[in-house]
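Hi everyone, thanks for making time.

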Amino acid sequence: MALLKVNEITKVFGGLIAVEDVSFEVNQGEIVSIIGPNGAGKTTIFNMLTGVYKVNKGTVEFEGKEIQNKAPREIVKAGMARTFQNIRLFPTMRVIENVLVGDHINIQYNFLDLLFRTKKFRKAEKEAAQKAIDLLESLELGDQINNYAKNLPYGMQRKLEIARAIATNAKLIILDEPAAGMNPQESEELMKFILKLRQNGHTILLIEHDMSVVMNISDRIYVIDHGRKIAEGLPAEIARDAQVIRAYLGSGGVEKDAEQDA
Ligand SMILES: Nc1ncnc2c1ncn2[C@@H]1O[C@H](COP(=O)(O)OP(=O)(O)OP(=O)(O)O)[C@@H](O)[C@H]1O
């Protein structure tokens, strides 16, 4: 069974059909990318998956259960967490505190526990802190634990944002253009980081403009153009797909994009 199964989702804004009957799947342990020219509908798809937009039609099944049109918080609880195109960290909080914010969606204590700092509260907090430390160490961010988020270099801030998404216990991590604004060296680092996530057992759905990132790390790719799915397949298949190349002609084709990005 696919971890995520999207069936013919459609989104209409006024008279504009932004996404039409798009279907795709993500299996456990895969890195799957959604690509497409500017305005193709990628962000709209992500916003439907994560509960920011309601779908007009179609279903989103996560672990076999329909989750379309649920509130973003419910979707995170179900096991899907995302990062944003513009990094959204708490800049004046420490690295570990940023991760703890992600985990708090799972912590089980009530307001009275919090008010009286009961044993249950202290135990839950201690466990959460240890979990955050373990996670940061596993992602090679262990030596930054007490640093303030705003002091991290850009590439590391991205990693921290991904760590925070993982801390929600997400089974699927959704990355919205993680390489945006990165120089080639930072993109290279990011690729290694995402591959490491997969190695650690995480499943990743990615929207990305940087073709060298997409072509190098994706197991499978879906291509969207004018709100419709026009191709799906392995990176090598996508790079030579005539319809995909036509959709990207403005930028000189997928392969040329990849060369430029490399
Ligand atoms: N909230 C909205 N209201 C009206 N139209 C919208 C809204 N969001 C997106 N659109 C339109 O829907 C279409 C798809 O946009 P979307 O942002 O999903 O594309 P994209 O593939 O993510 O583009 P980019 O790569 O430039 O981020 C575009 O025509 C866009 O103008």
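Before anything else, a quick word on pLDDT: that's the predictor's confidence in each residue, running from 0 to 100. We need it because this is a predicted model. Averaged over the protein, pLDDT comes out at 87, and 88% of the residues get to 70 or more.

Okay, on to the ligand. Around the ligand you'll find Phe13, Leu16, Ala18, Gly36, Asn38, Gly39, Ala40, Gly41, Lys42, Thr43 and Thr44. By type, that shell splits into six polar residues, four nonpolar and one charged. Which elements supply at least two residues each? Those are strand E2 (16-26) and helix H1 (42-49). H1 has the largest share, with three residues.

Last stop: a pair of helices. H6, residues 154-167, packs with H7, residues 184-199, at an angle of about 25°, and their axes are 10 Å apart. Angles under 35 degrees count as roughly parallel, so that's what we call H6 and H7. The crossing of H6 past H7 is right-handed. On the H6 side, the contact involves Tyr154, Gly155, Arg158 and Lys159; across from them in H7 are Glu186, Glu189, Leu190 and Phe193. Sorted by type, the residues of this contact are four charged, three nonpolar and one polar.

Methods: Residues are numbered from 1 along each chain as its sequence is written. This is a predicted model: local features need pLDDT of at least 70, side-chain atom pairs count only at pLDDT 80 or more; totals for chains, interfaces and linings use all residues. A residue is near a molecule or strand if its C-beta atom, placed from the backbone, lies within 6 Å of it. Helices (H or I, at least four residues) and strands (E, at least two) are DSSP runs, numbered from the N terminus. Ala, Val, Leu, Ile, Met, Phe, Trp, Tyr, Cys and Pro count as nonpolar, Asp, Glu, Lys and Arg as charged, and the others, Gly among them, as polar. Axes are lines fitted to C-alpha atoms, for helices over the stretch in contact, and angles run from 0 to 180 degrees between N-to-C directions. Angles under 35 degrees count as roughly parallel, over 145 as roughly antiparallel, 65 to 115 as roughly perpendicular and the rest as oblique. A crossing is left-handed if the near helix is turned anticlockwise from the far one by less than a right angle, and right-handed if clockwise. Two residues are in contact if their C-beta atoms, placed from the backbone, lie within 7 Å.
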